[in-house]
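Hi,

Here is the structure I promised to pass on.

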Amino acid sequence: MPEQRKKLLEVKHLKQYFGSGKDMVKAVDDITFDIYEGETFGLVGESGSGKTTTGRSVIHLYEPTDGQIIFDGKDVSKLKTKEDKLKFCRDMQMIFQDPYASLNPRMTVEDIIAEGLDIHGLASSKEDRRQKVEDLLETVGLNRDHASRYPHEFSGGQRQRIGIARALAVEPRFIIADEPISALDVSIQAQVVNLLKELQEEKGLTYLFIAHDLSMVKYISDRIGVMHFGRLLEVGPADDVYTKPLHDYTASLISAVPVPDPEFERNRKQIIYDASVEKDVEGKPAKLREITPGHFVRCREDEVEMYQKRAAEYEK
Ligand SMILES: Nc1ncnc2c1ncn2[C@@H]1O[C@H](COP(=O)(O)OP(=O)(O)OP(=O)(O)O)[C@@H](O)[C@H]1O
Ligand SMILES: [Mg+2]
């Protein structure tokens, strides 16, 4: 069970605010979750809910407004030595949504993929560098002779494979994939997801997988967190969250997943979630509370019983 596994990432009461005064945006507003070594944690939510900000905070592109990011037992804001900082840069890598914008058009594929090798001094010679790049190309399903080409010579799916090879080059332990397939044709989305899954098994990688589409996240994730207005509303095993959602907002996301059946579509009643119910009642703070083992919902103490009943309904 994941609970016995090692926690590779711990996000504790993370707040990430931008701006100040009345222009302040609370992009992430007190979220807490863990990711276990070797698992995929899927983060879903509508546009603007704070998913990318969470990813960027985790990889320490921002200094948290409040709270902590603990990676492999160390607070990433408190890494002191150059050695520790470099190790963190190597251990954690990111794959981006837009494979067109994220690859420098003036660099060859070899130079793009080898950037990390150069930074961390992982290639012993020019030949070794080339060899490593070609091996990486093969690992992600591209040809070895693609190394001397430029990004514009590749399709979206191939570019995303180059992005994955670049991330893999430094042998990371943790990869943040921020909507890695949403810019790709539907026909090749599954190929890229399957590649990520295979690589995970082969290399024991841990993923934070960010997406809008709950059905895809369910397919790749072990556990899912549902974000809304900078908060986590529900966290649990992927199957539980998808088939037995506890929070109304999660249910509304699931009911928004298009189903390729016109009859079903016509008869389906889409659940609209009313965000106003979320406001804290004075003196009764809402926070993630465990309703069934490993399945948490953001609620007040006095709502727990209602959610327990809801969970029990699913078992009937
Ligand atoms: N650097 C920034 N400065 C100011 N506001 C920001 C910044 N980055 C994000 N925001 C704001 O924070 C909120 C969350 O944005 P974020 O990009 O994290 O959402 P998201 O869930 O990734 O959305 P999407 O699904 O569209 O990618 C938004 O209101 C956004 O405008
Ligand atoms: Mg985003």
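A question to start with: is His 60 buried, partly exposed or exposed? His 60 is partly exposed, with a relative accessible area of 26%; buried means under 20%, exposed over 50% and partly exposed in between, using a 1.4 Å probe and protein chains only.

Before the rest, some housekeeping. This is a predicted model, where local features need pLDDT of at least 70 and side-chain atom pairs count only at pLDDT 80 or more, while totals for chains, interfaces and linings use all residues. Residues are numbered from 1 along each chain as its sequence is written, chains are lettered from A and ligands numbered from 1 in the order in which they are written, and side-chain values use heavy atoms, with hydrogens and water left out.

Helices (H or I, at least four residues) and strands (E, at least two) are DSSP runs, numbered from the N terminus. Most residues other than glycine have a negative phi. His 60 has a positive phi, near 70°. Asp 30 is not a glycine either, and its phi is positive at about 70°. Asp 30 is found in strand E2 (residues 25-36) and counts as partly exposed, at 33% relative accessibility.

**Helix H4**

H4 covers residues 126-139. H4 has 14 residues and reaches 20 Å from its first C-alpha to its last, close to the 20 Å expected at 1.5 Å a residue (the expected span is 1.5 Å times one less than the number of residues). Its buried residues are Asp 128, Arg 129, Val 133, Glu 134, Leu 136 and Leu 137. What covers them includes helix H3 (109-119) and helix H5 (156-168).

At 16% relative accessibility, Arg 129 counts as buried. Its side chain makes a polar contact with the side chain of Asp 111, at 3.1 Å. A polar contact is a pair of N or O atoms within 3.5 Å; within protein, one must be able to donate a hydrogen and the other to accept it, and residues adjacent in sequence count only if both atoms are side-chain atoms. Leaving aside neighbours within four places in sequence, Arg 129 is in contact (heavy atoms within 4.5 Å) with Glu 110, Asp 111, Ala 114, Leu 117, Asp 118 and Ala 123.

Lys 132, also in H4, is partly exposed, with a relative accessible area of 30%. With neighbours within four places in sequence left out, Lys 132 is in contact with Leu 117 and Leu 122. Lys 132 and Leu 117 are 15 residues apart in sequence and 8.9 Å apart in space, C-alpha to C-alpha.

12 of the 13 residues of H5 are buried, so H5 is largely enclosed by the rest of the structure. The cover over those buried residues includes E6, H3, H4, strand E7 (174-178) and helix H6 (186-203).

Which residues line the largest cavity? They are Met 94, Ile 95, Phe 96, Ser 102, Gln 160, Gly 163 and Arg 166. A cavity here is a set of points, on a 1 Å grid over the protein atoms alone, where a 1.4 Å probe fits but cannot get out, and lining residues have an atom within 4 Å of a point. The structure holds one cavity of 30 Å³ or more, and the largest cavity has about 30 Å³ of space; grid points are joined across faces, edges and corners, and a volume is the space filled by probe spheres set on the points. H5 gives the largest share of the lining, three residues, and strand E6 (92-95) and H5 each supply at least two.

One of the lining residues is Gln 160, which lies in H5 and counts as buried at 1% relative accessibility. Beyond four places in sequence, the contacts of Gln 160 are Ile 95, Phe 96, Gln 97, Pro 99, Pro 180, Leu 184 and Val 192.

Cheers

Terms used. 1 Å grid on protein atoms, 1.4 Å probe; cavity = no way out; pocket = protein on both sides within 12 Å on 5 of 7 lines; lining within 4 Å.
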